[in-house]
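Subject: Structure handover

Hello,

Here is the structure to take over from me. My notes on it follow below.

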Amino acid sequence: MLDQYGREIDYVRISVTDRCNLRCTYCMPEDGVDQVRCEDILSYEEIIKVCSAFGRLGIKKIKITGGEPLVRLDICQLIADIKQLEGIEQVTMTTNGVLLAQMAPKLIEAGIDSINISLDTIDPKNFKELTRCDQLEQVMKGIETLIQLDYPHIKINCVPIEEFNGDQIVKIARLAKDHPIAVRFIELMPIGLASDYTPISRETILEQLTTHYGQLQSWPGKLGNGPAEYYTLPDFKGKIGFIEAMNNKFCHKCNRIRLTSTGFLKLCLHYNKGIDIRDILRHSDDLNDITQVI
Ligand code: SAM
Ligand code: SF4
């Protein structure tokens with residue numbers, strides 16, 4: 001599927017729920033977001049239907065996200081079923097990891113191709129301050145479970161923010177020293193609540209890592225389908241990555257669209273432009289109608 005700028009769109013991020021079991025300060029208000037009514041959220045069957053249409057249109061990779069995707073009932077079965085659809089080559093997930101320890105075996109059995117765990121700090125007090133929940137132990141257990149199961153496609157996503165976790169960068173990067181996992185630093189985007197906080201630059205992070213671990217070497221390879229740029233470090237089993245949506249814009253090579261939990265197909269994270277496809281999903285079983293709207 002080509003967009004009007006000639007970019008090939010082969011990747012969709014699907015939010016399967018707006019609900020979350022954490023309240024990260026830069027993402028959600030303390031009381032959570034206004035909950036969408038259950039009947040407004042795409043049903044299991046509607047998600048399968050839209051994924052079949054995506055597969056027909058050349059979408060190869062689907063990222064399951066949220067809210068927190070692991071709070072959605074039957075999420076493992078949903079992943080297994082999406083994996084069976086024609087054209088879909090990969091189903092991956094981004095999770096806060098709170099429910100991962102108990103769900104990892106089922107996710108792996110479902111065939112999940114890669115699991116990104118969001119982890120901004122490994123200090124319990126700092127974690128509680130940042131997420132307003134005391135769940136770091138659970139998240140760390142989730143990561144350990146994946147490692148113990150020898151799951152090979154683990155990525156850690158950390159959003160460095162001056163007000164919260166500036167002293168955590170070196171500690172989080174260490175996960176890539178000890179294990180073959182990629183630790184990626186994601187530049188904070190000034191959207192919603194996040195516009196109150198200060199991102200930490202790649203230069204500052206590189207400086208801290210060089211001081212502690214030695215000279216980083218740029219690594220030209222790709223891990224997955226995203227815009228991350230990677231580095232290697234001496235004695236590190238894994239890689240260090242950076243995703244900078246503001247300072248190192250990658251719009252020209254963007255390959256993705258997004259589907260909200262209520263079925264709004266959004267073309268860019270930064271704009272509200274898009275199209276509501278819930279109606280067509282609810283009123284037609286003809287995939288041609290759906291691909292046409294998309
Ligand atoms: N709840 C899941 C999680 O936290 O992984 C999935 C959804 S969450 C919105 C996906 C990712 O977006 C998380 O890694 C989070 O840190 C990141 N995120 C949220 N707001 C952001 C912002 N303003 N700038 C950059 N990343 C952000
Ligand atoms: Fe929940 Fe993820 Fe937002 Fe944190 S970043 S509040 S875990 S949706």
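Which polar side-chain atom lies 2.6 Å from the backbone nitrogen of I161? That atom belongs to N165. Please keep in mind that this is a predicted model.

N165 and its surroundings

N165 is part of helix α6, which covers residues 162-165. Its relative accessible area is 0%, so N165 counts as buried. Leaving out residues up to four places away in sequence, N165 touches D120, N126, L130, C158, V159 and P160.

Ligand 1

There are 15 residues around ligand 1, and those that come nearest are Y26, G67, T94, S118 and M189. By class, this shell holds six nonpolar, seven polar and two charged residues. In S118, a side-chain N or O atom is 2.5 Å from an oxygen atom of ligand 1. For Y26, a polar side-chain atom lies 2.7 Å from an oxygen atom of ligand 1. With E68 the ligand atom is a nitrogen, at 3.3 Å from an N or O atom of the side chain. Ligand 1 taken alone exposes 540 Å², and the protein buries 83% of that area.

Ligand 2

Around ligand 2 are C20, L22, C24, C27, M28, G67 and N96. Five of these residues are nonpolar and two are polar, with no charged residue in the shell. G67 is listed around ligand 2 and is also among the residues that come nearest to ligand 1.

The largest nonpolar core has 91 residues, of which I75, I82, F185, L209 and I240 touch the most other members. Helix α1 (residues 44-56) supplies the largest share of this core, with seven residues. Neighbours within four places in sequence aside, L209 is in contact with I169, V170, A173, F185, G214, L216 and I240.

Helix α7 spans residues 169-178, and its buried residues are I169, V170, I172, A173, L175 and A176. These buried residues pack against strand β5 (154-158), helix α6, strand β6 (182-186), helix α8 (202-213) and strand β9 (240-243). I169, V170 and A173, buried in α7, are also among the contacts of L209.

Backbone points to check

Most peptide bonds are trans, and most residues other than glycine have a negative phi.

- The peptide bond from G66 to G67 is cis, with omega near 20°. G67 sits in the loop between β2 (61-65) and α2 (75-83).
- R132, which is not a glycine, has a positive phi, near 60°. R132 is found in the loop between α4 (124-131) and α5 (136-148). Its relative accessible area is 30%, so R132 counts as partly exposed.
- D235 is not a glycine either, and its phi is positive at about 70°. This residue lies in the loop between β8 (229-232) and β9. D235 counts as exposed because its relative accessibility is 65%, over the 50% cut-off.

That is the end of my notes.

Regards

Key:
Residues are numbered from 1 along each chain as its sequence is written. Chains are lettered from A and ligands numbered from 1 in the order in which they are written. This is a predicted model: local features need pLDDT of at least 70, side-chain atom pairs count only at pLDDT 80 or more; totals for chains, interfaces and linings use all residues. Side-chain values use heavy atoms; hydrogens and water are left out. A residue is near a molecule or strand if one of its heavy atoms lies within 4 Å of it. A polar contact is a pair of N or O atoms within 3.5 Å; within protein, one must be able to donate a hydrogen and the other to accept it, and residues adjacent in sequence count only if both atoms are side-chain atoms. Accessible areas come from the Shrake-Rupley method with a 1.4 Å probe; for residues, only the protein chains shown count as cover. Ala, Val, Leu, Ile, Met, Phe, Trp, Tyr, Cys and Pro count as nonpolar, Asp, Glu, Lys and Arg as charged, and the others, Gly among them, as polar. A nonpolar core is a set of buried Ala, Val, Leu, Ile, Met, Phe, Trp, Tyr and Cys residues joined through side-chain atoms within 4.5 Å. Buried means under 20% relative accessible area, exposed over 50%, partly exposed in between (1.4 Å probe, protein chains only). Helices (H or I, at least four residues) and strands (E, at least two) are DSSP runs, numbered from the N terminus. Contact means heavy atoms within 4.5 Å.
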